[in-house]
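Visitor: Please walk me through a close look at a single part of this model, with the cut-offs spelled out. I would like to follow it atom by atom where that helps.

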Amino acid sequence: MVRKWETIENDYQDILFERTGKIAKIAINRPEVRNAFTPLTVEEMIDAFARCRDDSTIGAIILTGQGDLAFCSGGDQGVRGNGGYVGKDRIPRLNVLDLQHLIRIIPKPVIAMVRGWSVGGGNVLQLVCDLTISADNGKFAQSGPKVGSFDGGYGSGLLADTIGMKRAKEVWFMCKTYTAQEAYDMGWINKVVPLADVETETLAWCDTMLKRSPMSLRLIKASMNAATDGLAGIQQLAGDSTLLYYTSDEAKEGRDAFMEKRDPDFDKFPKFP
Ligand SMILES: CC(C)(COP(=O)(O)OP(=O)(O)OC[C@H]1O[C@@H](n2cnc3c(N)ncnc32)[C@H](O)[C@@H]1OP(=O)(O)O)[C@@H](O)C(=O)NCCC(=O)NCCSC(=O)c1cc(O)c2ccccc2c1O
């Protein structure tokens, strides 16, 4: 099938934002620095992800890096200042943490499509995505202890949940590079395919998920993330149940009774075991 990509937003400086049908693709477009991110790159990604969340015609989101050499090489060390990464406003930020959280709570599947390097904060972005499809040239590593950084949040805890504590400590302490096949063998990623096929394969996975019940996928994602994300995860799952409850006649009776200044009649609603 020939896919037609259309641009969703032309005004971003550091990312490309496109869609084909119900699938959106957000690509970091800084291949000259292996798709390292600056505060602006992250700000644009947060904006694009928020637009995907709010657009009911989008059902799956691909996160990738432009070109064959890198998914993302993490924070741009050239703009790393004292306390974070510095943008035009001169304020040092670690705003990729906001993006990680957004990817965790966005109620649609997010699939990382990896070509080449997935390193440092870039590899944590790959990790927080729901699924990862990698080209056979994928290379995975955490480099923090080499460059004076670390991610003790999702980058460590979720990694340990994903590949096991011993392996996660090895990844961080040794800063070795793992091939896509090694990452697959560890359960770090979902599938490895030849470089030429990576987009076709990623789109095929999206097509399959688009045939599934969106509410079911939403609740599975929130449920699976709830334990790791603590109260923030429960908040997302609870918000989903509030959303569902609001659509019920029982909840509407409460609202209507208040507006009609009468006592609500909840007796007519079933009390399931
Ligand atoms: C990614 C590489 C392994 C690629 O190696 P390769 O040999 O293929 O290419 P080059 O090294 O020649 O790179 C080409 C070109 O790109 C520049 N570049 C690459 N990565 C970066 C980068 N991250 N920042 C800036 N520039 C980069 C490189 O200098 C070359 O430029 P030329 O002008 O010389 O052509 C290898 O490049 C590499 O190891 N890169 C660094 C990876 C890294 O250490 N990343 C940062 C980790 S820390 C981090 O990401 C981080 C960010 C956060 O926001 C956090 C927030 C909260 C907690 C933790 C955080 C965190 O850890």
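Guide: Happy to! For residue classes, Ala, Val, Leu, Ile, Met, Phe, Trp, Tyr, Cys and Pro count as nonpolar, Asp, Glu, Lys and Arg as charged, and the others, Gly among them, as polar. By that scheme, the shell around the ligand holds nine nonpolar, 10 polar and three charged residues. Please keep in mind that this is a predicted model, in which local features need pLDDT of at least 70 and side-chain atom pairs count only at pLDDT 80 or more, while totals for chains, interfaces and linings use all residues. Residues are numbered from 1 along each chain as its sequence is written.

Among the 22 residues around the ligand, Gly74, Gly75, Gly120, Gly121 and Ser143 come nearest. At least two shell residues each come from helix 2 (96-105), strand 9 (117-119), helix 3 (120-128) and helix 4 (144-147); helices (H or I, at least four residues) and strands (E, at least two) are DSSP runs, numbered from the N terminus.

Six of the six residues of strand 3 (residues 23-28) are buried, so the strand is largely enclosed by the rest of the structure. Here, buried means that 20 or more other C-beta atoms lie within 10 Å of a residue's own C-beta, with exposed at 12 or fewer and partly exposed in between, C-beta atoms again being placed from the backbone. In a regular strand the side chains alternate between the two faces of the sheet. In strand 3, Ile23, Lys25 and Ala27 point one way, while Ala24, Ile26 and Ile28 point the other way, and all are buried.

Next, its partners; two strands pair if DSSP finds at least two bridges between them. Strand 2 (residues 15-20) runs antiparallel to strand 3 and is joined to it by six bridges, with Ile23 as the bridge partner of Thr20. These two strands form a hairpin with two residues between them, and Gly21 in the turn has a positive phi of about 55°. Strand 4 (residues 60-65) runs parallel to strand 3, again with six bridges, and there Gly65 is the bridge partner of Ile28. To get from strand 3 to strand 4, the chain passes through helix 1 (residues 39-54) in a right-handed β-α-β crossover: with the strands pointing away from the viewer, the path from the first strand over the helix to the second runs clockwise.

Notes
A residue is near a molecule or strand if its C-beta atom, placed from the backbone, lies within 6 Å of it.
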